[in-house]
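Grab a pencil and take a look at the chains below.

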Amino acid sequence: MFAGKVIGRVIATRKDPALDGARLLLLQPTDWSGKESGDPIVVLDAVGTGAEDEFVFYVGAREAAVAVEKIPPIDAAILGIIDGVTLEEA
Amino acid sequence: MKFARVIGTVVATKKDDKVEGRKLLLVQPVDISFKPSESPAVAIDAVGAGEDELVLLVSGSSARQTEATTNRPCDLVIMAIVDTVEMRGSVIYQKGVND
């Protein structure tokens with residue numbers, strides 16, 4: 001599982017029926033200190049976050065589909081809103 | 001999921017029975033500026049996408065989770081046609097306007 005920041009949303013009227021009612025968000029992957037890295041991706045919101053700039057963790061690949069009851073065709077899903085991260089000094 | 005543009009179709013008469021009757025589209029993955037980001041690939045279309053449309057791609061084993069691809073040998077599927085993308089408070093894509 002990885003960290004990221006919600007930066008927007010995607011609206012799609014025509015989609016797989018298993019995605020009806022699902023919220024698709026634009027997510028900027030970050031490291032665990034919140035620093036941005038890589039290209040934004042589209043993720044399914046499995047926990048009801050939605051607020052822009054929210055710091056979250058997400059799961060990729062087939063495991064993402066399991067986060068939702070209908071097991072829709074998704075390869076990334078937000079699983080939780082991060083309240084805080086404690087990093088040990090290296 | 002990643003954004004992609006539909007750039008063509010692929011026709012194959014002789015193919016695996018499990019992809020029989022599936023629509024094969026050539027897609028160009030794009031980044032958040034909607035510029036090409038990697039090499040084009042072939043995807044099974046689960047939603048009736050058309051040429052030039054901006055779509056969402058699901059890759060890997062999740063690609064088998066649509067009705068069109070259940071238990072089929074498929075690692076890339078089009079599962080949504082994009083209408084609007086909002087980023088940091090602004091609309092950065094609107095179907096029909098930014099195409």
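You're looking at a predicted model, where local features need pLDDT of at least 70, side-chain atom pairs count only at pLDDT 80 or more, and totals for chains, interfaces and linings use all residues. Residues are numbered from 1 along each chain as its sequence is written, while chains are lettered from A and ligands numbered from 1 in the order in which they are written.

**Exercise 1.** Find out how many residues of strand E3 of chain A are buried.

*Solution.* Strands are DSSP runs of at least two residues, numbered from the N terminus. E3(A) spans residues 24–30. Call a residue buried if 20 or more other C-beta atoms, placed from the backbone, lie within 10 Å of its own. Five of the seven residues in E3(A) pass, so this strand is mostly covered.

**Exercise 2.** Work out which strands of chain A pair with E3(A).

*Solution.* Pairing takes at least two DSSP bridges between two strands. Start with E1(A), residues 2–11: it runs antiparallel to E3(A), with seven bridges. There, Gly4(A) has Pro29(A) as its bridge partner. Next comes E4(A), residues 41–45, also antiparallel to E3(A), with four bridges. Here Leu24(A) sits opposite Leu44(A).

**Exercise 3.** Describe how chain A meets chain B.

*Solution.* First, count residues in contact (C-beta atoms, placed from the backbone, within 7 Å): chain A gives 27 residues and chain B gives 27 residues. On chain B's side, strands E4 (54–59), E5 (76–81) and E6 (84–87) each supply at least two.

Conventions. A residue is buried if 20 or more other C-beta atoms lie within 10 Å of its own, exposed if 12 or fewer, and partly exposed in between; C-beta atoms are placed from the backbone. Two residues are in contact if their C-beta atoms, placed from the backbone, lie within 7 Å.
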